[in-house]
Amino acid sequence: LSTMAEDRVNVVTRSEKLDIDILLRIFQKCFSLQELVNSGSAHVCREWRAACCEPILWNTLDLSHMKSNFIKVPQKPFVYVESRSDENLTRLLKLSMSLSKGNTRTMIVHFNLFLNDYMLTYTAIRCPNLRRLVLPAWNRIKKKGLSNAIQCCKSLESLTMPSISKPYSVFSSIAMNCKNFRELKVMGPINLSFVQVLVQLLPDLKVISLRCNSIDQDALITILDKMESLEVLNISHSYLLRQETIIVKELDKTIMNKASKLKRFITCMERDTCVMCQRTEEDEGIMRWYKYEEGLWKADEGNTRTMIVHFNLFLNDYMLTYTAIRCPNLRRLVLPAWNRIKKKGLSNAIQCCKSLESLTMPSISKPYSVFSSIAMNCKNFRELKVMGPINLSFVQVLVQLLPDLKVISLRCNSIDQDALITILDKMESLEVLNISHSYLLRQETIIVKELDKTIMNKASKLKRFITCMERDTCVMCQRMEEDEGIMRWYKYEEGLWKADEVASLHL
């Protein structure tokens, strides 16, 4: 018995010493949100709780797989939810908010998960940085509760909502409180009165999705006429109604001419061949999503937020700009090969990606135009990964133009020691710096075997300083030295180049 007890102690001790990145990857790969919250992992020890509170785990609060236990009723709110179901959801939200520490930026709620005013307001208060809210069911949410929640979400940029008969209070609350609000998705029939309120209160929207709905033709024309800032409009798999009853089979020239000013006008009205168009018509413009594939309701033709390109896939200017124009919501771009991309092409692409937050790029000799374009256009840009040798001139431009970065990864590179010191000295907002498997060069030729006390003291201000210089035992460090600071990724395991010790950069 004593031996078994000792074994248990040893297991706990070893688990406490697990690297936080390893814990994060385990949590991400093996646990759903409900499992993580209900497992009690946060109570194992301090290290595990710290891992459970890491922002990367809570960037998205995904409740899209959770449903209320309910029955339909004929009177408002048209659903009755079992009390135990409400209690479980309330408990989950409270535990999630305790662990997330205000770091949730996206919240996704299933169309059969019915939050009430208290749940929504409680969550909104504790998510001050919420950027995107997907909330397709408002049956139990009153106007006042919704307004209170929106007042707490001043950073809100995107909302997915049901079609409602009186949207004035919702749109006016957004207009007053959410200055960066730019995209709206509506699920349900779109009539003229709804759109008239929309164009009156939110005329500067950039992206609207009305996919899989019945749409009044006059409402569509009103959007195209009145919303001068609109860039992307998605009406794919929807059908148009003229005079409320006549189904329009094709878009006429008038509508197409009005839509030509948009960057993207996404349509699909192929009722003979398209399954989604057929379903919309069968369901009479109110999609019964519960009848179809799980998760299908979340799909959208204009929703690309991450783009990952292989290091041996060489895009040219046209390809990159074409894609960027059609991905206005792009948050993360992994583009390690710029051989065929010119400065102007890259700047044009970045100008289209105003929501960009993260970039993986090669080391280049003259980064000024790239970093200045990011600084001017991408106000939420926060993390950078560079693949290739890092010298002082590169870093000097970086700290000059992007001084407020939160996360930098320079793993598996050769790094000029003065460049590293410049980053540690000048980037006061930096929280995470990864130089694992890299080696430092002093005076461009002398390899530094260990980090000295000066560097370690400067790095102590960071939340995390990730290093590995174990050339006797670490395979990655050995490979790095063999390749002389420019990793030949093609020689190694497929996909290895996408790895990163920083969880938010790991693919």
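Predicted model: local features only at pLDDT ≥ 70, side-chain atom pairs only at ≥ 80, totals over all residues.
Leaving aside its neighbours within four places in sequence, which residues is N116 in contact with? The contacts of N116 are D86, R140 and I141.

**Around N116**

Look for N116 in the loop between β4 (106-109) and α7 (117-125). One of its contacts, R140, shows how a chain can bring separated residues together: N116 and R140 are 24 residues apart in sequence, yet 5.0 Å apart in space, C-alpha to C-alpha. The side chain of N116 also reaches the backbone nitrogen of M119, at 2.9 Å.

**Helices side by side**

Two packed helices are described by the angle between their axes and the distance between the axes.

| Helix pair | Angle between axes | Distance between axes |
|---|---|---|
| α6 (83-100) and α7 | about 5° | 10 Å |
| α8 (143-152) and α9 (168-177) | about 15° | 9 Å |
| α9 and α10 (192-201) | about 15° | 10 Å |

Take α6 and α7, which pack at an angle of about 5°. Angles under 35 degrees count as roughly parallel, so α6 is roughly parallel to α7. On the α6 side, the contact is made by D86, L89, T90, L93, K94 and M97, and on the α7 side by Y118, M119, Y122 and T123. Sorted by class, the residues of this contact divide into 6 nonpolar, 2 polar and 2 charged.

Next come α8 and α9, with an angle of about 15° between them. That makes α8 roughly parallel to α9. The crossing in which α8 passes α9 is right-handed. From α8, the residues K143, L146, S147, I150 and Q151 take part, and they meet S169, V170, S173, I174 and N177 of α9. What classes of residue make up the contact of α8 with α9? There are 4 nonpolar, 5 polar and 1 charged residues.

By class, the contact of α9 with α10 has 7 nonpolar, 2 polar and no charged residues.

**A buried asparagine**

Now move along to N213, found in the loop between β8 (207-209) and β9 (214-216). Is N213 buried or exposed? Its relative accessibility is 2%, and buried means under 20%, so N213 counts as buried. A polar atom of the N213 side chain lies 2.9 Å from the backbone oxygen of V186. The side chain of N213 also reaches the backbone nitrogen of G188, at 2.8 Å. Leaving aside neighbours within four places in sequence, N213 is in contact with V186, M187, G188, I190, H237, S238, Y239, T280 and G285.

**Helix α15**

To finish the tour, find helix α15 (residues 343-352). Which residues of α15 are buried? They are G345, L346, S347, A349, I350 and C352. These buried residues pack against two other helices, α14 (317-325) and α16 (368-377).

Note on methods:
Residues numbered from 1 in each chain as written. Heavy atoms only, no water. Axes fitted to C-alpha atoms, helices over the stretch in contact; angles between N-to-C directions. Helix = DSSP H or I, 4+ residues; strand = E, 2+ residues; numbered from the N terminus. Parallel < 35°, antiparallel > 145°, perpendicular 65-115°, else oblique. Left-handed = near helix turned anticlockwise from the far one by under 90°. Contact = heavy atoms within 4.5 Å. Nonpolar A, V, L, I, M, F, W, Y, C, P; charged D, E, K, R; others polar. Buried < 20%, exposed > 50% of the residue type's maximum accessible area, 1.4 Å probe, protein only. Polar contact = N/O pair within 3.5 Å; in protein donor to acceptor, adjacent residues only side chain to side chain.
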